[in-house]
Amino acid sequence: MESDRGESFADLLPPLATEELAALKADIGEHGVLCPIFVDENGKILDGRHRHAIDPKAPRKVIKGLSPAEKQAFVFRTNFVRRNLSPDQKHVALRKMKGVAFALRKEDAKKNTQAQVAKLLGVAQPTVASWFSDTSSISSDNACNPRPDARVKVNPKVKPVIADRVAAGESQTQVAADYGVSQQTVSGIVAAETAKQQKGADRAKAAAMAEATIKGDDCGVKIGDFREVAETLESGSVDLIFTDPPYDRDSLDLFEALGIVAARVLCDGGSLVTYFPQYLLPEVMGGLGQQLRYWWTLAVVHSGARTRMREYGIIVGWKPLAWFVKGTRGDKQTWIDDVVVSAQEKDAHDWQQSVIEARHCIARLCPAGGLVWDPFCGGGTTAVAAKQTGRLWLTCDTDDAAVHLARKRIHDAAVAAVAEERTDAADGSQEC
Ligand SMILES: C[S@@+](CC[C@H](N)C(=O)[O-])C[C@H]1O[C@@H](n2cnc3c(N)ncnc32)[C@H](O)[C@@H]1O
């Protein structure tokens with residue numbers, strides 16, 4: 001009796017994408033099933049599960065006498081070239097084919113020479129030779145260990161859509177087929193998106209608690225777009241802008257807008273120091289250089305784990321700080337080292353920078369009692385550094401949660417500073 005499901009072979013290759021299946025349906029509707037469904041002697045489908053799903057009465061052809069591994073090889077031989085697989089899907093299929101090659105060898109090492117295995121799987125003999133010389137990805141039971149191909153990138157905007165489809169009950173295998181990625185990639189995306197949503201919910205809760213604690217004190221952190229907040233600042237009133245705009249290409253226009261605002265609010269000889277990504281150097285320098293004078297680039301050297309930028313083939317060990325001035329640098333007597341060794345701090349914001357370089361620059365580029373402005377507050381690092389170095393500060397952000405959490409962080413830093421002063425004073429009185 002024929003099985004309708006062919007379950008042991010169905011998942012060797014990904015299903016057709018939804019659009020491909022619709023096209024096949026339309027074709028079968030018009031011309032009928034032209035290619036028969038291949039089944040083994042037990043009725044299990046070796047090839048044609050989609051044709052069978054569309055027309056269960058489609059003609060069948062029985063393939064007899066194949067061993068279990070030969071049946072799997074048949075599936076790959078008839079589909080691997082014919083199917084329009086993405087690089088990620090091919091990568092996974094090839095790893096499975098490697099597992100089948102070893103299974104063929106195990107079944108009959110004498111008969112299944114490299115040439116015979118290549119013929120059964122429909123691949124070149126050197127491919128089979130390379131598989132047999134590298135056993136690293138074959139587990140003990142000869143099953144393959146498919147890992148998604150790191151070259152295949154999923155558009156970040158599509159990731160929530162993928163997670164939503166899976167949450168709505170669609171199978172990961174089908175969603176993977178629709179996006180031309182492996183099922184492992186989809187399950188990784190689902191896990192990451194779920195964690196992101198949870199993190200967002202936790203952050204919103206923490207922000208609400210922070211807001212309740214601060215009770216109306218804005219701690220020098222305004223909510224809003226920096227261009228609007230800048231309108232509340234008098235021309236020439238800021239000594240130093242120390243900041244960190246978002247890094248993505250879509251935010252590039254913020255750098256140009258920042259240059260325009262900085263040229264107005266900075267005092268003569270005042271500085272703008274900003275983080276920027278190396279890959280946007282020409283655009284950032286060009287944008288800011290229209291309004292201000294380029295002065296120098298400082299290097300912030302990472303002390304922790306290094307990021308690998310695969311698309312550039314670079315292990316990143318430092319990040320730049322671009323330094324521009326309005327007019328010319330007012331105070332050249334104060335020396336500043338252009339290399340700062342930093343530390344990783346990520347407890348206040350996803351894109352948080354360390355207070356180390358903020359303090360380094362504020363202490364040398366802003367006079368005592370002067371005003372530091374950070375138009376892109378994030379976790380409030382600049383404000384904390386300004387407080388620690390005895391400067392005034394003002395900062396802002398468009399993200400409400402970031403603002404509430406930054407206010408709380410600044411508030412806590414101020415409380416800690418008072419406690420420290422008291423301890424120092426107490427220690428001093430004991431020494432007398
Ligand atoms: C890279 S983060 C800053 C991180 C910060 N340096 C820290 O150490 O936590 C950039 C911040 O800019 C904010 N932002 C983006 N566009 C903005 C705008 N037009 N005006 C004000 N803030 C903005 C984002 O919400 C984000 O919090």
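A residue is called buried if 20 or more other C-beta atoms lie within 10 Å of its own, and exposed if 12 or fewer do. The exercises below apply to a predicted model.

**Exercise 1.** Determine what share of the chain is buried, and how its radius of gyration stands against that of a compact globule.

*Solution.* Begin with burial: of the 432 residues in the chain, 34% count as buried. Turn next to the radius of gyration, which is 31 Å, whereas a compact globule of 432 residues would have one near 22 Å. Finally, take the extents along the principal axes, where the C-alpha trace spans about 95 × 55 × 45 Å.

**Exercise 2.** Describe the length and the covering of helix H5.

*Solution.* Helix H5 runs over residues 87-107, which gives 21 residues. From first C-alpha to last it reaches 30 Å, close to the 30 Å expected at 1.5 Å a residue. As to covering, 15 of the 21 residues of H5 are buried, and the helix is thus mostly covered.

**Exercise 3.** Identify which residues touch the most other members of the largest nonpolar core, and list the contacts of Ile362.

*Solution.* The largest nonpolar core holds 52 residues, of which Ile362 and Val372 touch the most other members. Once neighbours within four places in sequence are left aside, Ile362 is in contact with Leu240, Phe242, Val372, Ala385, Ala386, Thr389 and Arg391. A second, separate core has 27 residues, among them Ala69, Phe76, Val117 and Val128.

**Exercise 4.** Characterise the shell around the ligand.

*Solution.* Of the 20 residues around the ligand, Asp244, Phe376, Gly378, Gly379 and Thr381 come nearest.

Terms used: Residues are numbered from 1 along each chain as its sequence is written. This is a predicted model: local features need pLDDT of at least 70, side-chain atom pairs count only at pLDDT 80 or more; totals for chains, interfaces and linings use all residues. A residue is near a molecule or strand if its C-beta atom, placed from the backbone, lies within 6 Å of it. Ala, Val, Leu, Ile, Met, Phe, Trp, Tyr, Cys and Pro count as nonpolar, Asp, Glu, Lys and Arg as charged, and the others, Gly among them, as polar. The radius of gyration is taken over C-alpha atoms; the globule rule is 2.2 Å times the number of residues to the power 0.38. Helices (H or I, at least four residues) and strands (E, at least two) are DSSP runs, numbered from the N terminus. The expected span of a helix is 1.5 Å times one less than its number of residues. A nonpolar core is a set of buried Ala, Val, Leu, Ile, Met, Phe, Trp, Tyr and Cys residues joined through C-beta atoms within 7 Å. Two residues are in contact if their C-beta atoms, placed from the backbone, lie within 7 Å.
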